[in-house]
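Here are some notes for a colleague who has not seen this structure before. Please read them with the model open.

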Amino acid sequence: MSKIIVLMGAPGAGKGTQARLLQERLGLPQISTGDMFRALAEASTPLAEEVRAVQSTGKLISDDLVIRVVHERTNREDCKSGYILDGFPRTTVQATMLERLAVEQGHKVSAIFVDAPFEVLEKRTTGRRICPVCGEIYNVYFKPPKFDNACDQHPETQLIQRTDDTAEKIKVRLETYKQQTEPLLEYYKASKRLFKVDGMRDPQKIYEDIEAILTGDD
Ligand code: AP5
Ligand code: MG
């Protein structure tokens with residue numbers, strides 16, 4: 001059965017890193033609500049201004065807006081054989097919507113929890129740098145680029161840092177995560193659809209763990 005792979009985990013746990021590997025190897029689209037809203041925030045419209053303001057605080061965007069965006073995106077042709085959700089659902093309302101969507105689209109939902117201790121999340125987020133051309137994710141502590149602040153594949157391009165990747169914002173993001181998103185782990189666990197991977201392993205090894213889980217869950 002075609003699958004919706006939900007990547008769960010705290011800010012900086014490694015959802016995006018794994019979602020990119022899954023997309024590359026399984027050929028399923030990676031749908032990151034964080035990336036979609038960062039792109040949307042670049043426009044100069046009142047909605048973009050609103051999204052920018054919320055994202056920069058580390059709090060969540062309204063369920064109504066997120067649900068509309070996810071509904072529209074996942075009904076496109078490239079999602080017919082399944083897709084990878086990175087950063088969605090994050091609230092009970094969003095999880096309920098996803099259940100309906102999965103039935104409507106004929107997909108099975110499997111949630112992968114990338115488990116990383118809170119102590120490492122600050123370094124993972126403050127040290128993160130991203131290539132604006134290809135989206136490759138680096139880290140000055142754990143995965144430095146070959147050239148100083150430039151992408152390995154696009155050496156002419158300077159890497160960027162997210163505005164919410166500051167020590168101060170990470171506190172808010174973690175708090176938001178604990179209050180609104182962490183309870184969803186129990187929800188998926190209760191219906192035996194939660195699979196945990198050790199987020200402290202090497203990213204390639206984590207990917208192999210996820211691949212084994214998905215194969216066994218078919
Ligand atoms: P979003 O963009 O989803 O941010 P997040 O959940 O805080 O997660 P991150 O992207 O920070 O971390 P990640 O787990 O993807 O880690 P990564 O792989 O990059 O959301 C941002 C904002 O958008 C929210 O605060 C909210 O405002 C809004 N939003 C988004 N979705 C929403 C929703 N559904 N509802 C409402 N609002 C929403 O890795 C992090 C770093 O660690 C990198 O530098 C990487 O190189 C490194 N790293 C990764 N894996 C490893 C490893 N195994 N070992 C060592 N280093 C590693
Ligand atoms: Mg991410």
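This is a predicted model: local features need pLDDT of at least 70, side-chain atom pairs count only at pLDDT 80 or more; totals for chains, interfaces and linings use all residues.

1. S110 belongs to strand β4, which covers residues 108-115. The side chain of S110 makes a polar contact of 2.7 Å with the side chain of D217.

2. Two other buried residues. L22 is part of helix α1 and has a relative accessible area of 0%, so L22 counts as buried. From L22 to Y207 there are 185 residues in sequence, yet the two C-alpha atoms are 7.6 Å apart in space. V6, in strand β1, is likewise buried, at 0% relative accessible area. For V6 and E50, 44 residues apart along the chain, the C-alpha atoms are separated by 26 Å.

3. Cysteines. How many disulfides does the model contain? The count is 0.

4. The surroundings of ligand 1. Which residues are closest to ligand 1? They are T17, K59, R90, R128 and R173, from a total of 34 residues that surround the ligand. Backbone atoms also take part. A polar backbone atom of G14 is 3.0 Å from an oxygen atom of ligand 1. A nitrogen atom of the ligand lies 3.1 Å from a backbone N or O atom of I61. A polar backbone atom of G87 is 2.9 Å from a nitrogen atom of ligand 1.

5. A cis peptide bond. In general, most peptide bonds are trans, and most residues other than glycine have a negative phi. The bond between F88 and P89 is cis, with omega of about 0°. P89 sits in the loop that runs between β3 (82-86) and α5 (92-105).

6. Positive phi values. N149 is not a glycine, but its phi is positive, near 50°. N149 lies in the loop between β6 (137-139) and α7 (167-181), and at 26% relative accessibility it counts as partly exposed. K192 is another residue of this kind: its phi is about 55°, a positive value, although K192 is not a glycine. The place of K192 is the loop between α8 (183-190) and β7 (194-198). Is K192 buried or exposed? With a relative accessible area of 71%, K192 is exposed.

7. D152. The loop between β6 and α7 also holds D152. At 22% relative accessibility, D152 counts as partly exposed. D152 and E136 are 16 residues apart in sequence, and their C-alpha atoms are 9.0 Å apart in space.

8. The second largest pocket. Empty space of this sort is found by rolling a probe the size of a water molecule over the atoms. The second largest pocket has a volume of about 160 Å³. Its lining is made up of 13 residues, and those nearest the centre of the pocket are K3, L26, L214, T215 and D218. Which elements supply at least two residues each to this lining? They are β1 (3-8), α1 (15-26) and α9 (203-216). The largest share, 4 residues, comes from α9. Sorted by class, the lining of the second largest pocket has 7 nonpolar residues, 3 polar residues and 3 charged residues.

Definitions and conventions
Residues are numbered from 1 along each chain as its sequence is written. Chains are lettered from A and ligands numbered from 1 in the order in which they are written. Side-chain values use heavy atoms; hydrogens and water are left out. A disulfide is a pair of cysteine sulfur atoms within 2.5 Å. On a 1 Å grid over the protein atoms alone, a cavity is a set of points where a 1.4 Å probe fits but cannot get out, and a pocket is an open set with protein on both sides within 12 Å along at least five of seven lines; lining residues have an atom within 4 Å of a point. Grid points are joined across faces, edges and corners, and a volume is the space filled by probe spheres set on the points. Ala, Val, Leu, Ile, Met, Phe, Trp, Tyr, Cys and Pro count as nonpolar, Asp, Glu, Lys and Arg as charged, and the others, Gly among them, as polar. A residue is near a molecule or strand if one of its heavy atoms lies within 4 Å of it. A polar contact is a pair of N or O atoms within 3.5 Å; within protein, one must be able to donate a hydrogen and the other to accept it, and residues adjacent in sequence count only if both atoms are side-chain atoms. Buried means under 20% relative accessible area, exposed over 50%, partly exposed in between (1.4 Å probe, protein chains only).
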